[in-house]
Amino acid sequence: MTLYEFKSLPEQEQYPKLFNEGEFTTYRLEPNARFALYDLEKFFVEVEYEPKSNKIVNKFCRWSKIGVIF
């Protein structure tokens with residue numbers, strides 16, 4: 001699957017694909033948010049989670065695996 005194919009999926013299909021087929025890579029903590037990085041085939045997806053609301057609030061897709069700083 002390419003980044004474009006992933007982004008063309010409805011959001012309700014993106015998260016199951018990401019969590020079932022993606023490989024959890026790392027995470028980082030900030031005062032008001034938590035970020036998890038997943039490796040999904042040929043690209044990365046970063047998921048932002050807000051502990052206060054107990055919800056995923058955003059996701060960011062990165063095409064290249066070269067030079068990704070987390």
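Is Lys17 buried or exposed, and what is its relative accessible area?

Author: This is a predicted model, in which local features need pLDDT of at least 70, side-chain atom pairs count only at pLDDT 80 or more, and totals for chains, interfaces and linings use all residues. Residues are numbered from 1 along each chain as its sequence is written, and side-chain values use heavy atoms, with hydrogens and water left out.

Lys17 is buried, because its relative accessible area is 18%. Buried here means under 20% relative accessible area, exposed means over 50%, and partly exposed lies in between, with a 1.4 Å probe and protein chains only. Lys17 belongs to helix α2, which spans residues 11–21. Helices (H or I, at least four residues) and strands (E, at least two) are DSSP runs, numbered from the N terminus. Apart from residues up to four places away in sequence, Lys17 touches Met1, Leu9, Gly22 and Leu40; contact means heavy atoms within 4.5 Å.

The buried residues of α2 are Gln14, Tyr15, Lys17 and Leu18. They lie on the same side of α2, because they cover an arc of only 165° around the axis, the arc being that of the directions from the helix axis to the C-beta atoms. An α-helix has 3.6 residues a turn, so residues three or four places apart point the same way. On the face of α2 turned away from this buried side are the exposed residues Gln12 and Asn20. The cover over the buried residues of α2 includes α1, β2, β3 and β4.

Phe19 counts as partly exposed because its relative accessibility is 37%, while Tyr38 counts as buried because its value is 14%. The whole structure has 4 aromatic pairs; rings of Phe, Tyr and Trp (its six-membered ring) pair if their centres lie within 6.5 Å, with planes under 30 degrees apart counted as stacked, over 60 as edge-to-face and the rest as tilted. One of these joins Phe6 and Phe43 in a tilted arrangement, 5.6 Å centre to centre and 45° between the planes. The two are 37 residues apart, Phe6 in helix α1 (residues 3–8) and Phe43 in strand β3, and both are buried. Phe19 and Tyr38 have ring centres 5.4 Å apart and planes at 65°, so this pair is edge-to-face. That pair also links distant parts of the chain, with Phe19 in α2 and Tyr38 in strand β2, 19 residues apart. Ring pairs join Tyr15, Phe19, Phe24 and Tyr38 into a cluster.

Tyr38 is also part of the largest nonpolar core, whose 9 residues are Leu3, Phe6, Leu18, Ala36, Tyr38, Leu40, Phe43, Val45 and Val47. Such a core is a set of buried Ala, Val, Leu, Ile, Met, Phe, Trp, Tyr and Cys residues joined through side-chain atoms within 4.5 Å. At least two of its residues come from each of α1, β2 and β3.

Strand β3 (residues 43–50) is largely enclosed by the rest of the structure, because 6 of its 8 residues are buried. Its antiparallel pairing with β2 (residues 33–40) runs over 7 bridges, where two strands pair if DSSP finds at least two bridges between them. Strand β4 (residues 55–62) is likewise antiparallel to β3, over 7 bridges.
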